[in-house]
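Hi there,

Here is the structure I promised to pass on.

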Amino acid sequence: MTIIKPLTQLREMISRSLSGQTNLSKSFQSFFIETMELMLTHTGRLNFTQMARCGRSCESRFRQNFKKPFDWLSFNKSFLEPTKGHRIAIAIDPCYISKSGKKTPGIDWFWSGCAGAIKHGLEILGLSIVDADSKDAVFLKAEQTFTAKMRGRKPKCTKGMDDPDSLTGWYLRMLTRNARQLLSICKLIVADAYFSKESFVTGVKEQGFNIISRFRDDVNLKYLYRGPRAKKRGRPQKFAGKVDLHNLDMNVFKEEYSVDGKLVYMLYTADVWAVSLGREVRVVIVDYLDSDKKKQTRKVFFSTDLTLSARDIFDIYRTRFQLEFVFRDAKQFTGLTHCQARNKEALAFAFNASLSSVNVARAYARQEGHNLSVGATKTLLHNAAMVDRFIAMSAKHANLRLNNTDFKELLFYGVRAVA
């Protein structure tokens, strides 16, 4: 009876994902496969010293190869197959990384959503594909935020900004650097309310993207005048009054009733003028009709793509939070905060390797037909690594004979499917 070898299957899957990159040496490919395997089998801290103790390579090899450039977008695009034909968008969101030390590049004060305060450390801006139909996310790439002023000519995406070196300006630069590859995947970006700024929206539109985001609760919106043009001198009438969020003009807004499990929503949609953005947008105003909760403030979402339906805008924005789960899994299971390097290239490699290994873990569980979390998948692969070591250390397999049932029992020790 053939015994299943999870680690062999994992290595083959990573190797297939690397097959699209022809400029990688065999040495780097073997190092990369070993690194991703360690991310998903080692239960301790994932720094260079610990990886050398548990891996097949020395510490120097990890330190040297972590400084080498790697196309993470091309690697992670290989995990997008399940999203084909679905409603997808590119989610962007910064993530705070706890870090101390005066010599770490990029260390500064950044906003931490978990703490609800500004903290000293590092920040990365993550990109992922979010799938509104399967309620899932596939990580694409992350870049570290640097707050130092950039020298030289300012890029076109920051044209008209009061401070091109602000965080918003840096986020736009990051999108510009990756725009060609991102546009080949999707032309729709989804981001939280922080990004609902005129400078960011204009910069995104100039690159060829549309954006879905959320306005502040006190947003200033105006109805567009759609009536006949007056035959008199002067500029034609453009607006037909201000939008009162608590008293909508139902001759303009369309009403839609939506049910999602136990939650019930009332969606109101219309094309209006956003004063803060200086452009026409499609807004979706949402009432949450949950009788068990207190009355909530109406939330106002918007899209610069005027062809999207209210349901698509609302569903895609809600799915944006799946990127947060990628950050959470990487922090808990794949060592997102463990790297102690003081080289910005090594840090970038460590951040992307940690987040990409979440893709690998989810793809592996899906490939094997298991409904497992990242934590359960890592437990399974850790068990597989331990069983392989037991077999390797048992006098050349002479005194250890496992049938498939016994092997699976060892393999799934401590593993539980997602509820």
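Below are some notes on salt bridges and on one helix pair.

This is a predicted model, in which local features need pLDDT of at least 70 and side-chain atom pairs count only at pLDDT 80 or more, while totals for chains, interfaces and linings use all residues. Residues are numbered from 1 along each chain as its sequence is written, and side-chain values use heavy atoms, with hydrogens and water left out.

Salt bridges come first. The whole structure has 21 of them, each being a side-chain nitrogen of Lys or Arg within 4 Å of a carboxyl oxygen of Asp or Glu. In one, arginine 87 pairs with aspartate 312, with 2.8 Å between the closest N and O atoms. Arginine 87 sits in the loop between α5 (72–77) and β1 (88–98) and aspartate 312 in helix α9 (residues 310–319), so this pair ties together parts 225 residues apart in sequence. (Helices are DSSP runs of H or I, at least four residues; strands are runs of E, at least two; both are numbered from the N terminus.) Both residues also belong to a salt-bridge network with Asp133, Arg311, Asp315 and Arg318.

Glutamate 81 and lysine 84 form another salt bridge, at 3.2 Å between the closest N and O atoms.

As for the helices, α1 passes α11 in a right-handed crossing, that is, with the near helix turned clockwise from the far one by less than a right angle.

Happy browsing!
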